[in-house]
Amino acid sequence: MALLPILIYPDVRLNKVAKPVSLFDAQLMRLLDDMAETMYDARGIGLAAPQVGIARRVIIIDVSEERQTPQIFINPAIITTDGEKILHEEGCLSVPGIYEPVERPAQVGVRAQNEFGEWFEITAEGLMSVCLQHEIDHLEGKMFVDYLSPLKRNRIKSKMRKEGRKAPPSGKKRMGVRSPMRQR
Ligand code: K1U
Ligand code: ZN
């Protein structure tokens, strides 16, 4: 298993639409293992493949207390939402240190494949529902900051760019992934 570098907003690779997975092979298993190690190391509750520079429709989530077994969603699609909306504070491993409330449907139904290519469906609410919607957005190149006002988003963008420039050139593994950053 390996720790993967997490791309930091506003890296343009975070805005790409991810491609569907068609091969359920050893390479995919390796990616899932590496993503799990990376998510747990970063103390996240979810991670999408585009956040580690892989433009494929793969997400993992673990909202459990035990934090041992990630739930895997490959080629996920939201198939139902309920009318009720909830406002929930969101964070993102690609936007470190920023937490903002985002309004989303309270409950979602999701269809996805597991690591063996078998289809399943779940209905989620609460943190699981918020996290699923947040991670599926990553597959569409959409970030939670895209739901904020342009003023807030631009402030966050400037802060991330400034912190990216401050980061030392060597040292911790993750620092190297702050470049390349380009204007959107
Ligand atoms: O996509 C990601 O970067 C993961 C992100 C998922 C997420 C968190 C909160 C709301 C929606 C989606 C994170 O895990 S950020 C880490 C974090 O903020 C957190 C960790 C544990 C509990 C709650 C939040
Ligand atoms: Zn995120």
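**Helix 1**

I began with helix 1, residues 26-41, in this predicted model. I counted 16 residues in helix 1. From its first C-alpha to its last, helix 1 reaches 23 Å. That is close to the 22 Å expected at 1.5 Å a residue.

Next I asked which residues of helix 1 are buried. I noted Leu28, Leu31, Leu32, Asp34, Met35, Ala36, Thr38 and Met39. What covers these buried residues? I found that the cover includes strand 1 (46-48), strand 2 (58-61) and strand 3 (71-81).

I also checked what comes after the helix. Arg43 follows helix 1, and its phi is positive, near 60°.

**Strands 1, 2 and 3**

I then turned to the pairing of the strands. Strand 1 and strand 2 run antiparallel, and 3 bridges join them. I looked up Ala48 and found its bridge partner in strand 2, Ile59. Strand 2 and strand 3 also run antiparallel, joined by 4 bridges. Here Ile61 has Gln71 in strand 3 as its bridge partner.

Which residues of strand 2 lie on each side? I put Val58 and Ile60 on one side, and Ile59 and Ile61 on the other. All four are buried, and both faces of strand 2 are covered. I reminded myself that side chains in a regular strand alternate between the two faces of the sheet.

**Ile61**

Is Ile61 buried or exposed? Its relative accessibility is 0%, so I count Ile61 as buried; the cut-off is under 20%.

I listed what Ile61 touches, leaving out residues up to four places away in sequence. Among them are Met39, Ile45, Gly46, Pro70, Gln71 and Phe73. The list also includes Met128, Cys131, Leu132 and Glu135. Met39 is one of the buried residues of helix 1.

I also took one distance. Ile61 and Gly44 are 17 residues apart in sequence. In space they are 8.6 Å apart, C-alpha to C-alpha.

**The zinc ion**

Last, I looked at the zinc ion (ligand 2). Which atoms coordinate the zinc ion? I found Cys92 (SG), His134 (NE2) and His138 (NE2), at 2.1 to 2.3 Å. In sequence these donor residues are spaced C-x41-H-x3-H. Cys92 lies in the loop between strand 4 (85-90) and strand 5 (100-105), and His134 lies in helix 2 (residues 126-139), so the pair ties together parts that are 42 residues apart in sequence. I checked burial here as well: both Cys92 and His134 are buried.

Notes:
Residues are numbered from 1 along each chain as its sequence is written. Chains are lettered from A and ligands numbered from 1 in the order in which they are written. This is a predicted model: local features need pLDDT of at least 70, side-chain atom pairs count only at pLDDT 80 or more; totals for chains, interfaces and linings use all residues. Side-chain values use heavy atoms; hydrogens and water are left out. Helices (H or I, at least four residues) and strands (E, at least two) are DSSP runs, numbered from the N terminus. The expected span of a helix is 1.5 Å times one less than its number of residues. Buried means under 20% relative accessible area, exposed over 50%, partly exposed in between (1.4 Å probe, protein chains only). Contact means heavy atoms within 4.5 Å. Two strands pair if DSSP finds at least two bridges between them. Donors are N, O and S atoms within 2.8 Å of the metal (3.2 Å for Na, K and Ca); water is not among the atoms, so sites may look incomplete.
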